[in-house]
Amino acid sequence: MNIYAIRVIYQQEMLRAWKTSAQSFASPVISTALYFVVFGSAIGSRIATVEGVSYGSFIVPGLMMLALLTQSIANASFGIFFPKFTGTIYEVLSAPISVAEILIGYVGAAATKSMIIGLIILGTAGFFVPLHIAHPLWMLLFLVLTCISFSLFGFIIGLWAKDFEKLQIIPMLVITPLVFLGGSFYSINMLPPAWQVVTLFNPVVYLISGFRWSFFEVADVSVELSLAIILVFLATCLTLVWWMFKTGYRLKQ
Amino acid sequence: MPPIVSIANLSKTYDTGYQALKQVNLDIHAGEILALLGPNGAGKTTLISIICGIVNASGGSVTVGGHDIVKDYRITRSLIGLVPQELTLGAFETVWHTLCFSRGLFGKKPDPRYLDQLLKDLSLSDKKHTLLMFLSGGMKRRVLIGKALAHQPTVLFLDEPTAGVDVELRKDMWALVRRLRESGVTIILTTHYIEEAEAIADRVGVIDHGELLVVDDKQALMHKLGKRQLTIELDSAQASLPAALTPWNLEMSTDGGRMTYTYDPLKANTGIDALLQAVRAAGLGIKDLQTKKTSLEEIFVNMVHQSK
């Protein structure tokens, strides 16, 4: 295994995050804090408990998921798109490095950044609402799996995108609506019955439900199903990346 | 001695249907400087890109150091360094950081002493901690060479290394290439500057429309394909060529003051002696004589012209 290659890719990606720390870390924390002020304190104070949990606390896992998904995709997609855009990708393609090693470097760094952001948001939330994590290990498992799988998804978008517009289009037009409609701010039990069925086709519902269960033991779907869905998503992304590298899709012409 | 790079029946057809390489066969010997000459779009960069792993071949095979570039890619790629044609560098890293990145990427443990020496050899020591965005074009080109050499490769590909580079830097680059060759590195460079190939290459390959037209020792190529020309300057301009001189297929200058005879220097009888006698017999006075060897450039232009 080319450990040195993994290390320099990982370090380079993390260094990029530190150099732009205001954008990488401060920005998602500030926007999440604003959500807590608006939804948690201002509006949430007028909402009764949801599934026995105060509204302010109830939205914490959803807000974390919102940040994890968007940041994982943004970090990983930009990390591989930028060398493609500038042409410096030639060096990675000509190096004695396997697909797995490239993924550990790029996706590992993107997932690390997202995990740091997620934990900072969790700490920030503690200033606004009382927090209790019922199953810390499950919470960490969901956190890690979500960061890795969506960083992988972001990496695929970065490989696929030919320009900056395409880089933004899926996160903006697909992921953000799915997260907002996936129960970030509500339980799907609060929806009319027909919409409850429609919502079950949104994969993000399963992520938020499982993550919320690890906090409050309250879930829209079973935790096993949530775990299975995220593992299937992870396996699908891995297969797609493997195929892209094997065929050289948008990489090796 | 087995070739360091062996290319067999290599072909590449892009998704657009464009056939960039057609059954190319080439052996590159260890320690030589091979120049691949060809016009834009001839297939030079595609050939290099396949060997380095940047482009997938459509057919054929390549070995580097006896190892297949697909099956044994870890071994072959660690032997190769590539300097790309474009100035493809990041902007916000320092020279030192980008060299360390390249060395690590190719699986070599950090070696600050070697990289310091490399910077010195490339006259970049004073730019060690400068951001790449603040370097001039020539310095960026040298950084790219440094990145390619950071992992101490034994085969170095230089894709148009002096494109857009001023004369002084071009000569510095040639000196560097010669020093690398002396240190045992095999160098393959693509260029469309004939003088570059003429100045530094041991062997020259001419590629056009994806086909390798010829590969030979530079001197042998010039000897084999090079013609000589004898220009006779007359002491008075002539309105037309005397009929007695027709067998020599002379070219008359537009002002009628010079006649040029093209001959094969390898022939026992070049025809020069008879021509000079015929000129005198025709009553023409000779003011001056000049002979000229065909340059590599003229050989190249002829070959490409014939291949069309």
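## Salt bridges overall

Over all chains, the structure holds seven salt bridges. The model is a predicted one.

One of the salt bridges joins the side chains of A:Glu13 and A:Arg16, with an N to O distance of 2.6 Å. Both residues belong to helix α1 of chain A, which covers residues 3-19. A:Glu13 and A:Arg16 are three residues apart there, or about one turn of the helix.

## Extent of the interface

The size of an interface is often given as the accessible area lost when the parts come together. Between chain B and chain A, the buried area is about 2,500 Å². Carbon and sulfur atoms give 57% of that area. On the side of chain B, B:Arg74, B:Phe101 and B:Leu105 supply 25% of the area that this chain buries against chain A.

In terms of residues, the contact takes 28 from chain A and 31 from chain B.

## Polar and charged pairs across the interface

Two salt bridges are found across the interface of chain B and chain A. B:Arg74 forms a salt bridge with A:Glu101, and the closest N and O atoms of this pair are 2.7 Å apart.

Polar contacts between chain B and chain A number nine residue pairs, with both residues at pLDDT 80 or more. Three helices of chain B each give two or more residues to the side that touches chain A: α2 (73-79), α3 (95-105) and α5 (137-149). The largest share comes from α3(B), with six residues. Sorted by class, this side of chain B has 15 nonpolar, nine polar and seven charged residues.

## A nonpolar surface patch on chain A

Chain A carries a nonpolar patch on the surface, formed by A:Val37, A:Val38, A:Ile43, A:Ile47, A:Phe127 and A:Phe128. Together these residues have about 550 Å² of accessible area.

Of the elements, α2(A) gives the most, with three residues. A:Ile47 lies in the loop between α2 and α3 (55-86) of chain A.

Terms used: Residues are numbered from 1 along each chain as its sequence is written. Chains are lettered from A and ligands numbered from 1 in the order in which they are written. This is a predicted model: local features need pLDDT of at least 70, side-chain atom pairs count only at pLDDT 80 or more; totals for chains, interfaces and linings use all residues. Side-chain values use heavy atoms; hydrogens and water are left out. Contact means heavy atoms within 4.5 Å. Buried area is the accessible area (1.4 Å probe) that two parts lose on being put together, summed over both. A salt bridge is a side-chain nitrogen of Lys or Arg within 4 Å of a carboxyl oxygen of Asp or Glu. A polar contact is a pair of N or O atoms within 3.5 Å; within protein, one must be able to donate a hydrogen and the other to accept it, and residues adjacent in sequence count only if both atoms are side-chain atoms. Helices (H or I, at least four residues) and strands (E, at least two) are DSSP runs, numbered from the N terminus. Ala, Val, Leu, Ile, Met, Phe, Trp, Tyr, Cys and Pro count as nonpolar, Asp, Glu, Lys and Arg as charged, and the others, Gly among them, as polar. Patches are made of residues with over 30% relative accessible area and no salt bridge: like charges are joined within 9 Å, nonpolar side chains (Val, Leu, Ile, Met, Phe, Trp, Tyr) within 5 Å. Accessible areas come from the Shrake-Rupley method with a 1.4 Å probe; for residues, only the protein chains shown count as cover.
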